[in-house]
Amino acid sequence: MASLQDELIDLKFRLADGSDIGPSKYNASATVTSLKEKIIAQWPKDKENGPKSINDIKLINAGRILENNRTLAESRIPLSEVPGGVITMLVVVRPPLPDKHSVHIKAINSIVTNMRYTIATDKLQDDSGKKAGCSCSIL
């Protein structure tokens, strides 16, 4: 008799837009990490913002986030499965982080805008001889 670790499990992976990767059969001894690697390899090329590494993906089965170091057998929730059916796991991809360069450019643009405002306010004060009621400064 085959052990639980030798059992094949039918899985498909549901992406955020409702499309699927799979179904395919996986050994119950396969780790969640290996599933994530398969997802990255089979990610549709026409979709933007695909995962770059396994750390960009969360796999969810029956409301539980699966841990990378666990096997399918360890991660199964038998009550949520239909015998002979395909298990659908939700794939959540972490949005890409902005690169440091673009963050610095936005900060510089904000500082320059505030400096222009301060200069314009100072010029108005000089021209009118009166002081404006408020001013902004960035520290």
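**Salt bridges across the fold**

Arg94 and Asp56 join their side chains in a salt bridge, with N and O 3.7 Å apart. This pair connects distant parts of the chain. Arg94 sits in the loop between β5 (87–93) and α3 (100–128). Asp56 sits in the loop between α1 and β3, and 38 residues separate the two. The model is predicted.

Next comes the loop between β1 (8–14) and β2 (20–27), which holds Asp17. Which residue meets the side chain of Asp17 in a salt bridge? The partner is Lys47, at 2.4 Å from N to O. Lys47 lies in the loop between α1 (32–42) and β3 (57–61), so the pair ties together parts that are 30 residues apart in sequence. Asp17 has a relative accessible area of 49% and is partly exposed. Lys47 is partly exposed too, at 25%.

Now turn to Arg14. Its salt-bridge partner is Asp20, and their closest N and O atoms are 2.4 Å apart. Arg14 counts as partly exposed at 30% relative accessibility. Asp20 also counts as partly exposed, at 32%. The pairing extends to another residue: Lys12, Arg14 and Asp20 are linked in a network of salt bridges.

What lies behind such contacts? Side chains of opposite charge can pair when their charged atoms come close. In this model the count comes to 5 salt bridges.

Methods:
Residues numbered from 1 in each chain as written. Predicted model: local features only at pLDDT ≥ 70, side-chain atom pairs only at ≥ 80, totals over all residues. Heavy atoms only, no water. Salt bridge = Lys/Arg side-chain N within 4 Å of Asp/Glu carboxyl O. Buried < 20%, exposed > 50% of the residue type's maximum accessible area, 1.4 Å probe, protein only. Helix = DSSP H or I, 4+ residues; strand = E, 2+ residues; numbered from the N terminus.
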